[in-house]
Amino acid sequence: MQGRVLIIAGSDSSGGAGLQADIKTVTALGGYAMTAVTAVTVQNTLGVTDIHPIPVKIIRDQIDACLSDIGADVIKIGMIGSAVVANRLANCLPPDIPVVLDPVLVATSGDALGDTALADVIRDDLIPRAAIVTPNVHELAHLSGRPVSTIEAMREAGRRLLALMTGGRVILKGSHLEDCDQIINILLGTDTETVITTPRLNTPHTHGTGCTLASAVATGLAQGLTQEKAFQRAVSYVHGAIDNAPGFGAGNGPLNHSFAIDPFSVDPKKGH
């Protein structure tokens, strides 16, 4: 199906989240991934120990290099790292390319990947530009300015983000809500709502789920799927990737991004 996705995000040295998870996801779903690296993180399944930001000019040059040659059907934004980078992105993104924004502020391990200044720029400058925003519960609470502990509170916080957007939608992820045997994911629009419920998997191996979901949605949109179909396929893909996680690491382990790929389906005579 292809579909060109330009990913603007940070690198995860352990391969479970960030650009590495994004590339694996886009590739597994049949898309074509390009990248603009915003930061190099030092991390594994136990947490983040250091972050090295990439100069703003280099980030911008990576974006220009990809768009001026190959082009993109969708831009996916993940970890930005600083308010300065976020502000520059807001001013340079092509208006005709849809943006899937994963407002990364907190890693699965709980480590902060952004500060208040970054959150302000994301809320004021990037969310209004996005076609779909995919915050986790903690990011949703921070960006909306209200606590999120129930499904209805999650909806209300999502509506606050919708008020900042022009025809966009917010994906609400209930995986961090406590005392829920089921995970409720909602694609929320101004007058629409698509709800998908999946069983909660009892596993610590959820490192990179936010990156994976956002990139799966971006791939679907790049391939011409409707927002609803892209959302439905993305939720199914993430659930399967968690359910088939390899169990690596001593902490929050990575997903199995290639679980849906059958290597034995390859015909060596054809080479594809």
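Trainee: Which residues of α3 meet residues of α4?

Mentor: Good place to start, and keep in mind that this is a predicted model. Helix α3 covers residues 83–92 and helix α4 covers residues 116–126. On the α4 side, the contact uses A117, L118, V121, D125 and L126. Their partners in α3 are A83, A86, N87, L89 and A90.

Trainee: Are α3 and α4 roughly parallel or roughly perpendicular?

Mentor: Look at the axes of the two helices, which come within 8 Å and cross at roughly 10°. An angle under 35 degrees counts as roughly parallel. Therefore α3 and α4 are roughly parallel.

Trainee: How many residues of the contact of α3 with α4 are nonpolar?

Mentor: Sort the residues of this contact by kind. One is polar and one is charged. The nonpolar residues number eight.

Trainee: Let's turn to α1 and α7. Is α1 oblique or roughly parallel to α7?

Mentor: Helix α1 (residues 18–28) and helix α7 (residues 209–222) have axes 9 Å apart, and they pack at an angle of about 40°. Roughly parallel would need an angle under 35 degrees. So α1 is placed, relative to α7, as oblique.

Trainee: Which residues of α7 make the contact with α1?

Mentor: Follow α1 as it passes α7 in a right-handed crossing. From α1, the contact takes in G18, A21, D22, T25 and V26. From α7, the residues are C211, T212, S215, A216 and T219.

Trainee: And how many residues of that contact are polar?

Mentor: The contact of α1 with α7 has four nonpolar residues and one charged residue. The polar residues number five.

Trainee: What is the reach of α8 from its first C-alpha to its last?

Mentor: Helix α8 spans residues 227–243, which is 17 residues. At 1.5 Å a residue, 24 Å is expected. The model comes close to that, with a reach of 24 Å.

Trainee: Why does R233 count as partly exposed?

Mentor: R233 sits in helix α8. Buried would need under 20% relative accessible area, and exposed over 50%. R233 falls in between, so it is partly exposed because its relative accessible area is 22%.

Trainee: How far apart in space are R233 and G220?

Mentor: Along the sequence, these two residues are 13 residues apart. In space, the separation from C-alpha to C-alpha is 7.8 Å.

Trainee: Now for α6. What should its twelve residues span?

Mentor: Helix α6 runs over residues 151–162, and the expectation uses 1.5 Å a residue.

Trainee: What covers the buried residues of α6?

Mentor: Among the buried residues of α6 are I151, M154, R155 and L161. Their cover includes one helix, α5, along with strands. The strands included are β7, β8 and β9.

Trainee: Last one: is T190 buried or exposed?

Mentor: T190 lies in the loop between β8 and β9. Exposed means over 50% relative accessible area. T190 has 62%, so it counts as exposed.

Key: Residues numbered from 1 in each chain as written. Predicted model: local features only at pLDDT ≥ 70, side-chain atom pairs only at ≥ 80, totals over all residues. Heavy atoms only, no water. Axes fitted to C-alpha atoms, helices over the stretch in contact; angles between N-to-C directions. Helix = DSSP H or I, 4+ residues; strand = E, 2+ residues; numbered from the N terminus. Parallel < 35°, antiparallel > 145°, perpendicular 65-115°, else oblique. Left-handed = near helix turned anticlockwise from the far one by under 90°. Contact = heavy atoms within 4.5 Å. Nonpolar A, V, L, I, M, F, W, Y, C, P; charged D, E, K, R; others polar. Expected span 1.5 Å × (residues − 1). Buried < 20%, exposed > 50% of the residue type's maximum accessible area, 1.4 Å probe, protein only.
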